[in-house]
Amino acid sequence: MTEEQTTTETKRGRVRRLLIQPLIEHGFRKPGNVKLEQHEAFLVKLADALTYMADHQLETLRDMLRYRGEGKTRDAWPSMATIAAMAETVAPRPLEEHPTILSWFGSARGPKALEEGVLVAEFAFLEKRKRPPLNDGDRRAIRERADEWARQRELMVDRGRRGMSRDGDAQWLRWFDGMERRAMALLPTEAR
């Protein structure tokens, strides 16, 4: 066996092979207003940000990006924001892999959300928006959703206890319990 055959490809290397290198070969270049060191750092950050994607998802993203070049000649690398938005379309990044979300739940806010009874609703908000609640409207919407889901859960559990479950009750309860487990797993150990 050659050294090449025994070497395991890194996650970053896989993204480079399936997405970055083919786009460079397609003609993507460093944007003119960006220094070489900055562009190289951008490509490393890009590779790291997309390691969660499966091979076929990276290939789909690559095909979508081919026509998204920027600059006068439309051959400069698109911004990280453009690429991240397209990646989310192809394969939404699992919430558990978002550094911002992890720090949000791992901070004092996670245990506070649990204490306030809004943990699952806040987790769902973060999963959908990929950002923490920023204003009173966001927090009010989370509280209303939490209250609605608490009533819904109580009603479904009660119907089940009385043998009067409806179609969809068990499925919704499994979904809710799964969301709760995922959110609880992000909390600091002492808060669980």
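The chain exposes about 12,000 Å², and carbon and sulfur atoms supply 51% of it. Areas here follow the Shrake-Rupley method with a 1.4 Å probe; for residues, only the protein chains shown count as cover. Of the 192 residues in the chain, 33% are buried, meaning under 20% relative accessible area, with exposed set at over 50% and partly exposed in between (1.4 Å probe, protein chains only).

This is a predicted model, in which local features need pLDDT of at least 70 and side-chain atom pairs count only at pLDDT 80 or more, while totals for chains, interfaces and linings use all residues. Residues are numbered from 1 along each chain as its sequence is written, and side-chain values use heavy atoms, without hydrogens and water.

Confidence comes next. Helix α1 (residues 3-6) has the lowest confidence, at a mean of 44, whereas α9 has the highest, at 96. Over residues 1-6 the pLDDT is below 50. Beyond near neighbours in sequence, that stretch has 1 contact in the model (heavy atoms within 4.5 Å).

The secondary structure comes to 10 helices and 0 strands, taken as DSSP runs numbered from the N terminus (helices H or I, at least four residues; strands E, at least two). The radius of gyration, over C-alpha atoms, is 22 Å.

Now look inside. The largest nonpolar core has 23 residues. Such a core is a set of buried Ala, Val, Leu, Ile, Met, Phe, Trp, Tyr and Cys residues joined through side-chain atoms within 4.5 Å. Phe105, Leu119, Phe123, Trp149 and Trp172 have the most contacts inside it. Helices α6 (99-106), α8, α9 and α10 (169-186) each give two or more residues. The most come from α8, with 7 residues. Another core, of 21 residues, lies apart; Val15, Phe42, Leu50 and Leu58 are among them.

Two loops deserve a look. Arg74, between α4 (55-65) and α5 (80-90), has a positive phi of about 60° although it is not a glycine. Arg74 is exposed, at 54% relative accessible area. Lys130, between α8 (119-129) and α9 (136-161), also has a positive phi, near 60°. Lys130 is partly exposed, at 23%.

Note on methods: pLDDT = per-residue confidence, 0-100. Rg over C-alpha atoms; globule rule 2.2 N^0.38 Å.
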